[in-house]
Amino acid sequence: MDVEQAKLEIADLIVTPRSVIAQLRAPTKRQVLQELARRAGTMTGIADRRIYDAVAERERLGTTGIGNGVAIPHCRLADLTRLYGLFARLERPIPYEAIDDEPVDLLFLLLAPADAGAEHLKALARVSRLLRDRAMCEKLRGANSADALHALLTGSSAG
């Protein structure tokens with residue numbers, strides 16, 4: 001699968017520009033994950049504390065910071081009926097305990113139903129493939145709005 005194919009499938013996860021945060025201001029990993037959980041709670045109807053606890057528990061198993069300033073926090077939740085994605089670009093990079101020890105400024109939160117085994121792994125692979133592309137990451141860092149970020153992530157035209 002190439003980056004263009006990954007973008008098309010990301011559109012299934014990030015349905016609207018409201019799922020994209022262009023300038024998230026949070027100074028710590030914990031605060032970033034709390035804010036992502038808060039926004040995901042609004043999208044999914046699940047209590048943000050439950051989302052945060054599940055993401056934090058996954059993070060304790062090993063960092064989701066994949067390197068080059070990118071992290072893909074993710075978890076499974078029993079109350080979900082489909083996959084959800086939320087993308088955030090941080091105002092300033094933060095320490096994240098990433099595998100390359102570099103700070104993180106691009107995050108993609110992926111939430112999956114508890115029973116979404118293969119579907120969850122395929123979605124993680126799609127997101128990872130897209131965000132491992134250095135040219136794509138540079139475009140994301142240079143975009144000036146949530147609409148522009150959404151268009152880059154999904155391959156749609158910015159409106």
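Me: How many bridges join strand β4 to β6, and in which sense do the two run?
Reply: This is a predicted model. Strand β4 covers residues 74–77. One of its pairings sets Cys75 against Leu111 in β6. The two strands run parallel, and the bridges that join them number four.

Me: In which sense do β5 and β6 run, and over how many bridges?
Reply: Strand β5 spans residues 84–94. Its Phe87 stands opposite Phe108 in β6. β5 and β6 run antiparallel, with a bridge count of seven.

Me: Which residue of β6 is the bridge partner of Val70?
Reply: Strand β3, residues 70–71, pairs with β6 in the parallel sense over two bridges. For Val70, the partner in β6 is Leu106.

Me: How many of the residues of β6 are buried?
Reply: β6 runs over residues 104–113 and is mostly covered. Buried here means under 20% relative accessible area. The count for β6 is ten of ten.

Me: With which side chain does the side chain of Asp79 make a polar contact?
Reply: Asp79 sits in the loop between β4 and β5. Beyond its neighbours within four places in sequence, Asp79 is in contact with Ile46 and Arg50. The polar contact, at 2.6 Å, is with the side chain of Arg50.

Me: What distance separates the C-alpha atoms of Asp79 and Leu130?
Reply: Leu130 is one of the buried residues of α4. That helix, residues 117–131, reaches 21 Å from its first C-alpha to its last, close to the expected 21 Å. Asp79 and Leu130 are 51 residues apart along the chain. Their C-alpha separation is 27 Å.

Methods:
Residues are numbered from 1 along each chain as its sequence is written. This is a predicted model: local features need pLDDT of at least 70, side-chain atom pairs count only at pLDDT 80 or more; totals for chains, interfaces and linings use all residues. Side-chain values use heavy atoms; hydrogens and water are left out. The expected span of a helix is 1.5 Å times one less than its number of residues. Buried means under 20% relative accessible area, exposed over 50%, partly exposed in between (1.4 Å probe, protein chains only). Two strands pair if DSSP finds at least two bridges between them. Contact means heavy atoms within 4.5 Å. A polar contact is a pair of N or O atoms within 3.5 Å; within protein, one must be able to donate a hydrogen and the other to accept it, and residues adjacent in sequence count only if both atoms are side-chain atoms.
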